[in-house]
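Please have the sequence and the coordinates open while I talk.

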Amino acid sequence: MKSWIPKLTFWRAVFLLVMAAGAYATFLRFYYGLGAATNLSDQFPWGLWIGFDVLCGVGLAAGGFTLAATVHVFNIEKYKPIVRPAILTAFLGYLLVVVALLYDLGRPYRIWHPIIMWNPRSVMFEVGWCVTLYTTVLALEFSPMLLERFGMYKTLRLLQRMMVPIVIAGVILSTLHQSSLGTLYLIVPTKLHPLWYSPLLPLLFFVSAVAVGLAMTIFESWHSSKAFGRKLETPLLMGLGRTLAVALLFYCSLRIWDLARRGSLGYLRHSSMETVLFTLEMCLMILPMLLLFRERVRRNPAALYGCAVLAIFGFVANRLNVSLAGMEAGSGVRYIPKWTEIAITLAIIAAGFAVFRFAAQYLAVFKEEEDTASLDWRQAESHAVMASRGD
Amino acid sequence: MPNAILYDSTLCVGCRQCEEACAKKWGNPYDEKIAQEEKLSAHKLTTIQTFGERYSRRLCMHCVDPTCASVCPVGALQKTALGPVVYDEDRCMGCRYCMAACPFQAPSYEWNSRLPRVKKCNMCEERQRRGQPTACAEACPTGATITGEREELIAEARKRIAAKPGEYYPKIYGLKEVGGTSVFYLSAVPFEQIGLKTNLPQEPLPQLTWNVLSHVPDIVTMGSVLLGGIYWLRHRKEEVEEVEGPYRPFGFPKERER
């Protein structure tokens, strides 16, 4: 008889441990309040949950709109096989960002307030609306995978008729949202260190999000090819790698030009924590860029994957520097996250990996041979006709 | 006419009567130990700070164009016509952007509460509506803290500096900082020596984000047109090719046309 209890592997044990710690931390957070569960203070009101879970989570989901635009708007069909995993990642990413916000908000049950209580002067108001609308758009972009699974071809056909405006709305909402996370920090000119504060923050956040979206797509293609024994789409990933190199070149040039223009490069002569962290952040961006410009590196899947990971780390370093390290000197206090903050963050990441794996296993996320990818409604129509005939 | 507070640190003797009156008004605990905490918190909405032999006071500055009110996504913070910046706890969802954004680090949070609120001085808005001075001004035995109409207090501050030029640092703090506040400071020494931030810009901070936010409608309309156009062009090319064969901009047509 087949056992109903799954075999306990190393990674499953880690997963269970992380989830158990997260559950206990969740109890502490909601029973005793933010003071007991975090190292936040009046001087340092935003910590790891905003800096990592929200800022990085939204950025790492950028592959969704980058690829949706490439394939569905620019009609570059060869990238079609990797649109679905990118959209799934983005959808999960945004759901997890909402979960993290529920932990961070003092009164999470009022998360819907910005929908009816307006303040259009507030960047946070724009952020709230972007999260709401774009999560809806992602749900719609993701739903064909579910509808196909359950054979609901009529709804699928209806949805795919509307898919072009949905994709375009998604690209615009993402552009606004990625940049508005940078705009959030325009209001703290005296608190954020000059190595990170810049009037160009919205643009820098957007460009780096596009780059990390490409890196995330390489990252997840590599992992899912390992997990499901799929063939890696090497020529596609090489193309992504080259685009990533160009995006990183543009980002790094913009960043350094901006620092020079504002006369902030001089801060690098001081030996401070900020200088070290800035150097680390820039190296993590420049190194994969230089490597990815070599064809030999792009041709080697492991090296390509390594470069993507470096760029992702560089992106995360940038967001943490803006939201945490860069804010310390200006606020006058030190902030080191409490174990509960880290436990909840890890649990959210673990949940993300688990749901992705589950979805990839049961839904047509990686579909190569039979091509019913989102915009191909002719095929969906024939399915619908067959379904209505009762075939 | 908007009201304001004038705090003259040369008159302050550090008796902390203002702290006690403030705690009483809000129903906050107050004892010897709390008196020694020289920082703002959810149970201490104003505090005296000691700098050697000098004293200073800390409280919400009630900016003319408040950063907190501009960043609040649900409009829980509002500048009233009377002068105070007030907080509506029924709207607040606890994102704490006001705390991150405030250039004076004035708002505090009830970190240990299960349903926390933002706490900050409201310049005794409810008393001012009845025409009474703030609790702190009423309690002050030396006249170091006084309330009144904003313009009149500025005139009073200028008069004090002019009358005793040797005793005052010749500036009023709060006149130009982040576009002006409704709490003014007079001091015998430069303001940074009594713990005030002197690196603040003279323009209101909300303008910094509005410069970007005001372009959102443009991005939406131009983005839709641009992306819609690209979509149409890229797919039109495909349709044409389906009928006429591959597009060759500079080449001659091949055998079919010959």
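The contact between the two chains takes 42 residues from chain A and 52 residues from chain B, where two residues are in contact if their C-beta atoms, placed from the backbone, lie within 7 Å. This is a predicted model, in which local features need pLDDT of at least 70 and side-chain atom pairs count only at pLDDT 80 or more, while totals for chains, interfaces and linings use all residues. Residues are numbered from 1 along each chain as its sequence is written, and chains are lettered from A and ligands numbered from 1 in the order in which they are written.

On the side of chain A that touches chain B, H9(A) gives the most, with seven residues; helices here are DSSP runs of H or I, at least four residues, numbered from the N terminus. That side divides into 25 nonpolar, 12 polar and five charged residues, with Ala, Val, Leu, Ile, Met, Phe, Trp, Tyr, Cys and Pro counted as nonpolar, Asp, Glu, Lys and Arg as charged, and the others, Gly among them, as polar.

Within chain A, H9 (residues 163–183) also packs against H4 (residues 63–73), their axes coming within 9 Å and crossing at roughly 145°; axes are lines fitted to C-alpha atoms, for helices over the stretch in contact, and angles run from 0 to 180 degrees between N-to-C directions. Phe65(A) and His72(A) are among the H4(A) residues that meet H9(A), where Val167(A) and Ser174(A) are included.

How are H4(A) and H10(A) packed? Their axes are 8 Å apart, at an angle of about 90°, which makes H4(A) roughly perpendicular to H10(A), a label for angles of 65 to 115 degrees, with under 35 roughly parallel, over 145 roughly antiparallel and the rest oblique. Gly63(A), Thr66(A) and Leu67(A) are the H4(A) residues involved, and by class this contact has four nonpolar, four polar and no charged residues.

H10(A) in turn packs against H14(A) at about 140°, with axes 9 Å apart, and the two are therefore oblique to each other. By class, the contact of H10(A) with H14(A) has 15 nonpolar, two polar and no charged residues, Trp222(A) and Phe315(A) among them.

Finally, H14(A) has a kink of about 50° centred on Asn321(A), the bend at a residue being the angle between axes fitted to the seven residues ending there and the seven starting there. H14(A) is followed by Gly332(A), whose phi is positive, near 80°.
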